[in-house]
Amino acid sequence: MKTIVSGIQPSGCLTLGNYLGAIKNFVSMQNNASEDDNIFIFIADLHALTVPQDPAALRKNIRSLAAIYLACGLDPNKSTLFVQSEVTEHSEIAYLLQTISYIGELERMTQYKDKKQKQVEGVSSSLLTYPVLMAGDILLYNADYVPVGEDQRQHLELTRNLAERFNSRFSETFKVPECLIAKVGAKIMSLQEPTKKMSKSDPLEKASIFLLDPENVIRKKIASSVTDSDGVIKFDPINKPGISNLLTIYSCSTGKSIDELVEQYKNSGYGDFKKDVADAVINLLMPIQEKYNYYLNSKELDEILDNGRDKATYFARKTLSKMKRKMGIIRKK
Ligand code: TYM
């Protein structure tokens, strides 16, 4: 029996990066899982609160992300889908783990340093403690595997350290989870600055493909993506980051290998290539968008999240009471 845990922040429109780097892998792990495996995929709304959010927009984004999960193929009969804040044990474990984490190790987190710089108004203390909440999300279910994109690697390292630290201070309690990062697609880059990752929060709209972008917008964004002037289609992320990113997107969207694509386009120009990349992305996203619209307005959505919350709570409570007992915060033995 294996346990798989992952989550995504409902902090805006999801990008193609979120799909290729994360959701696609959740779905394939789910589809390859055996009957007794446990898969927990959640909407990380507490994480979204680490930077200011418009409450009405956040509420909408939470539902929207649930509909996206379902539209992308997560199946509530195989995966437990829930909203993080509805399982209050997440907040509680985060505090317990904060008591064994060090400010120094949190200050070293690259995402914290980046986000802190971008923050114009005060930097909330939750931005610093965010990776501890994430460790809690994972340890609460005693995960074996955590599928994520490349940018979460450091947070997973911290999670592993905290699991080991807890085990050595309070006796064996947690498995030390493994980070699963796909070989291709774990870091989809911005279409406008292909040395930077594609991000939900990029203020430049045309830098990202959003999962809910209409067809014509996807075409325009890919057609205007930044490439280079040497006119050769080959995979070389250092010298040709734009073309390499498009090759990655094309490969992940179709299942064709990058080598196959390079061979296929060896005599083509960038214009034709970009047109085909756009077709591949559109073929991938249009069926998801159709299902999304169905789920967003369906009654099932709330039922699925209610059931997911109840199932997750059952597991979370067990872990938390074990932890508390080991830490000594229990009145009766
Ligand atoms: P978040 O919401 O920023 O991103 C969700 C997932 O998408 C991946 N991702 C990408 N993959 C490839 N290319 C990109 N350009 C790209 N951008 C994002 C991320 O690596 C991630 O897997 N802290 C997490 C959410 C979280 C979580 C957890 C994940 C909270 N608790 C516990 C796993 C386990 C986050 O902010 O992801």
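1. By class, the shell around the ligand holds 12 nonpolar, 10 polar and four charged residues, where Ala, Val, Leu, Ile, Met, Phe, Trp, Tyr, Cys and Pro count as nonpolar, Asp, Glu, Lys and Arg as charged, and the others, Gly among them, as polar. Of the 26 residues around the ligand, those that come nearest are Q9, Y130, D137, D151 and K200, a residue being near if one of its heavy atoms lies within 4 Å.

2. Please keep in mind that this is a predicted model, in which local features need pLDDT of at least 70 and side-chain atom pairs count only at pLDDT 80 or more, while totals for chains, interfaces and linings use all residues. Residues are numbered from 1 along each chain as its sequence is written, and side-chain values use heavy atoms, with hydrogens and water left out.

3. I138 is found in helix 7, residues 125-139, helices being DSSP runs of H or I with at least four residues, numbered from the N terminus. I138 is buried, with a relative accessible area of 3%, and buried means under 20% relative accessible area with a 1.4 Å probe, counting protein chains only.

4. Leaving aside neighbours within four places in sequence, I138 is in contact with V5, A143, V146, L156, T159 and P177, where contact means heavy atoms within 4.5 Å. The C-alpha atoms of I138 and F40 are separated by 9.3 Å, although these residues are 98 apart along the chain.

5. Leaving aside neighbours within four places in sequence, Y69 is in contact with G7, I8, I23, F26, I41, F42, I43 and L74.

Definitions and conventions. Helix = DSSP H or I, 4+ residues; strand = E, 2+ residues; numbered from the N terminus. Buried < 20%, exposed > 50% of the residue type's maximum accessible area, 1.4 Å probe, protein only.
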